[in-house]
Structures are given as structure tokens and as C-alpha cells.
Amino acid sequence: MPELPEVETVRRGLAPAMVGARFARVSLRREGLRFPFPERFAERLEGRTVTALARRAKYLTAPLDSGETLILHLGMSGRFDVALPDGRNLSPGEFYLEGAQGSPKHDHVVMAMSSGATVTYNDVRRFGFMDLVPTEGLAACRHFAAMGIEPLGEALTAEAVAALFRHRITPLKSALLDQRLIAGLGNIYVCEALHRAGLHPEMPAGALARPDGGPTPKARLLAKVIREVLTEAVAAGGSTLRDYAQTDGKAGGFQHRFRVYDRLGQVCTAKGCGGTVTRIVQAGRSTFFCGACQAPRESGA
């Protein structure tokens, strides 16, 4: 599933085609995706102008001049293709990463914008979805009401990490993937951040808080490297493993910088380590880490 850097990359690719443009025509080629489309979905979009395009965790949000906000989620295999008025298509077929991906039979929503650009939502597995909610109630809507803090920006501090994880005995990796605590982190980037911070994925999350509730040095380091990993991944256009591609159809590049993720049995890249990347399963997800340089599970100092 696309994680925060991939969704942010898609947002940046869509913004020039959508922000400030009006939906001239919206064509729905099925009754819904993961969920049915909202009532009168196409009618409520047509004639409305996109005033901004933002990201909340792994979701895209597009406020409209109607007072509603369009919420977009890519699911596992969703992607947007952008065709420009000069005939150029920003998703050439040679860049598709999976045989079925990009096939017209999986074009489920086609949005003709007043700028002349055509934005097409293509989703092989149809796990993505679209919704319309009142902009005033966006933060309290069913998608975001229980969502945690954003890992990019000023909200994710060492103090916030300590406060969120204090007294929690759940494994650190599981706590980092809990969208009710920190929203937008996914399996790939949590594995990479834990490796850079030298933290064992099975250590108790609460070990990052001191007895008085303040952050340990490792909590400070973790908050720092999470932002670093995500920022680097966004700059690289995300990570391409199977389904994901940018709006221009190109693969992301961060997978070439993985230090542990999907590197089972390979030598750890940490300077002077010499350990081997291993894999365990936590809550049904693969966790990659180096047991030689990532701290024992009991220590968060």
C-alpha cells in the first residue's frame, strides 16, 4: 500500500493539474470502489473549483468552493494519470510496473478539468475510495476523527513521542504503525527509521519515556530520523515495490536506499556493523532489522 511519501508525491504531481481548476465533467465508470460513491457524486463535483490539494496521513484532501472537501485514498493499487491539453500524457505505458496497471478497463473515474487536463483514477484492485464531506467538519469526519499526529512538520517531537508511548508495553514497531498515535507511518519507513535510530522493533514502546514522562535520548533520535527518512523518501519520489508509480508514471527511487527493508540475509549497511539483516513477523507484517546494531528490546535509553 502506498505510504505517506508516495501519497505526498502523488499530491505534488496532481496539484498543477487540479488546484485552481474547475471540474468540467466527471465520469464514473462503476458504482463505487471499496465503498459506493457518495450520493450524486459527479453532480456535486461538476462546476466546482479545487481551491487546494493537501495530504492528511495517507489521504489526499481537495477543498472545493462549494464548502465540501473531496477525500481521495489510493488503497493498494490506486493511481492517478494526468493527460495534458497539449496531448502529452504524464503516465506513459512503458513505466507501468504491473501488467494490468494502466489498462483502460481499470480507469474508474475520469475528471476533465477546466484547464484542459484530464485526471484519471485507475485502480486494479479497487481498494481505494473517494468521499465528499463538509469542509468545516473535515477533522471530525469518520476518516480523520481518531487519527493521530502528522509525522512531518512540527507536531512530531521527542516530547510527543514520549507522551504518546508512555506506559505502553506494545512493541515499538506496532506502536509506530498505530494510526491513532502517529498518522501516515507505514511498514517500510518504520523499519528504516528504527534501523537508523538503533532501536529494536520489539522493545516496549514505553521505554522511550523516562519515569517522569520526558523523552529519552533515543526518543529524540527517533523523532528526528522519522522526519529524515520521510523527507528523503518524498525527495526520491517514494518507493516502488510493485503497484506504485508517480503521476508521471515513473517509479519512485527510495527503494534503492533501503538499509534493511526487503534486504533479508544481506549485510547491514551501518558503518562498522557487519551484522546481517533478519526478518520477523509482527502483527502479520514483515519486520526487517539488524540484530547486531539495533538495541536490545529492553533498552530505550
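Okay, so of the 301 residues in the protein chain, 54% count as buried, meaning under 20% relative accessible area with a 1.4 Å probe, protein chains only. Before I go on: this is a predicted model, where local features need pLDDT of at least 70 and side-chain atom pairs count only at pLDDT 80 or more, while totals for chains, interfaces and linings use all residues. Residues are numbered from 1 along each chain as its sequence is written, and side-chain values use heavy atoms, with hydrogens and water left out.

The chain has six helices and 10 strands; those are DSSP runs, H or I of at least four residues for helices and E of at least two for strands, numbered from the N terminus.

Now, helix α6, residues 217-235.

Which residues of α6 are buried? Ala219, Leu222, Ala223, Val225, Ile226, Val229, Leu230, Ala233 and Val234. Their cover includes α1 (4-18), α3 (158-165), α4 (172-177) and α5 (187-197).

Let's take α3. It packs against α6 at about 115°, with the axes 8 Å apart; axes are lines fitted to C-alpha atoms over the stretch in contact, and angles run from 0 to 180 degrees between N-to-C directions. That makes α3 roughly perpendicular to α6, a label covering 65 to 115 degrees. Ala158, Glu159 and Val161 of α3 make the contact with Ala219, Arg220 and Ala223 of α6, contact being heavy atoms within 4.5 Å.

Technical notes: Buried < 20%, exposed > 50% of the residue type's maximum accessible area, 1.4 Å probe, protein only. Parallel < 35°, antiparallel > 145°, perpendicular 65-115°, else oblique.
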